[in-house]
Amino acid sequence: MDQKIAASQMADDSFENDSNMAAQSNPSSSLATKLVNGAIAGVVGTLVIFPIDMVKTRLQNQRVGKNGQLPYSGGIDCFRKIVAKEGFKGLYRGLVPNLIGVTPEKAIKLAVNDLAREKLARRLNVPSDKLPTAYGMVINKLFL
């Protein structure tokens, strides 16, 4: 048991040292970097969530057919039928317009959030990754 605690403490210390070195070597990323990172986060999030949203939308919009039944019996059935009828690409129908809206929005929100956290951390004279939770929550609420 003591070995597990010691190993865990060493891992925590190592992570903290790595974090401190990263913060010292690059205390603040440029605005352009923050925008690019936010845009990438928006694209990745959209790519992951879009098929789920497509299934949800199809389920919400389904109508009783001529045979008196709904086309889908549930989420998994809907997913399977979309892939069988339209292929995997069917899950991403309408993705491009969504990305056109989401990408700049996420880029700006996440960049402004990071900048606000850094500014507040400087004002409080603490590293931005050590900002008290309450302050981080306020910033997140204001900008996200």
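User: Where do I begin? How many helices and strands are there in the protein?

Analyst: Remember that the model is predicted. The protein has five helices and zero strands. Along the sequence, the pattern reads α-α-α-α-α.

User: What share of the residues is buried?

Analyst: The protein has 144 residues, and buried ones make up 20% of them.

User: And what about contacts between residues 24 or more positions apart?

Analyst: Take the contacts with a separation of 6 or more. Residues 24 or more positions apart account for 58% of them.

User: Now helix packing. How are two packed helices described?

Analyst: Two values do it: the angle between the axes and the distance between the axes. Here, look at helix 2, residues 31–61, and helix 3, residues 75–86. They pack at about 105 degrees, and their axes are 9 Å apart. Angles of 65 to 115 degrees count as roughly perpendicular, so helix 2 is roughly perpendicular to helix 3.

User: Which residues of helix 2 and helix 3 meet?

Analyst: From helix 2 come Met54, Val55, Arg58 and Leu59. From helix 3 come Gly75, Cys78, Phe79, Ile82 and Glu86. By type, the residues of this contact are six nonpolar, one polar and two charged.

User: Next, the core. What do nonpolar side chains tend to do?

Analyst: In soluble globular proteins, they tend to be buried together. In this structure, the largest nonpolar core has nine residues. They are Phe50, Met54, Val55, Tyr72, Cys78, Ile82, Leu91, Leu95 and Leu99.

User: Which helices each supply at least two residues of this core?

Analyst: Helix 2, helix 3 and helix 4, residues 95–124, each do. The largest share is three residues, from helix 2.

User: How is a pair of aromatic rings described?

Analyst: By the distance of the centres and the angle of the planes. This structure holds two aromatic pairs. One joins phenylalanine 50 and tyrosine 92, with ring centres 6.3 Å apart and planes at 10 degrees. Planes under 30 degrees apart count as stacked, so this pair is stacked.

User: Where in the chain do phenylalanine 50 and tyrosine 92 lie?

Analyst: Phenylalanine 50 is in helix 2, and tyrosine 92 is in the loop between helix 3 and helix 4. Phenylalanine 50 is buried, at 9% relative accessibility. Tyrosine 92 is partly exposed, at 21%.

User: Are the rings of phenylalanine 88 and tyrosine 92 stacked or tilted?

Analyst: Their planes stand at 55 degrees and their centres are 5.8 Å apart, so the pair is tilted. Phenylalanine 88 is exposed, with a relative accessible area of 54%. Phe50, Phe88 and Tyr92 form one aromatic cluster.

User: How far apart are aspartate 114 and leucine 31?

Analyst: They sit 83 residues apart along the chain, and 9.3 Å separates their C-alpha atoms. Aspartate 114 is in helix 4. At 34% relative accessibility, aspartate 114 is partly exposed.

User: Is asparagine 113 buried or exposed?

Analyst: Asparagine 113 is buried, with a relative accessible area of 5%. Its place is in helix 4. Asparagine 113 and asparagine 140 are 27 residues apart in sequence and 6.6 Å apart, C-alpha to C-alpha.

User: Last, a backbone angle. What is phi of asparagine 125?

Analyst: Phi of asparagine 125 is near 60 degrees, a positive value in a residue other than glycine. Asparagine 125 is in the loop between helix 4 and helix 5, residues 133–143. It is exposed, with a relative accessible area of 70%.

Technical notes
Residues numbered from 1 in each chain as written. Predicted model: local features only at pLDDT ≥ 70, side-chain atom pairs only at ≥ 80, totals over all residues. Heavy atoms only, no water. Axes fitted to C-alpha atoms, helices over the stretch in contact; angles between N-to-C directions. Helix = DSSP H or I, 4+ residues; strand = E, 2+ residues; numbered from the N terminus. Parallel < 35°, antiparallel > 145°, perpendicular 65-115°, else oblique. Contact = heavy atoms within 4.5 Å. Nonpolar A, V, L, I, M, F, W, Y, C, P; charged D, E, K, R; others polar. Core = buried A, V, L, I, M, F, W, Y, C linked by side-chain atoms within 4.5 Å. Buried < 20%, exposed > 50% of the residue type's maximum accessible area, 1.4 Å probe, protein only. Phe/Tyr/Trp six-rings, centres within 6.5 Å; stacked < 30°, edge-to-face > 60°.
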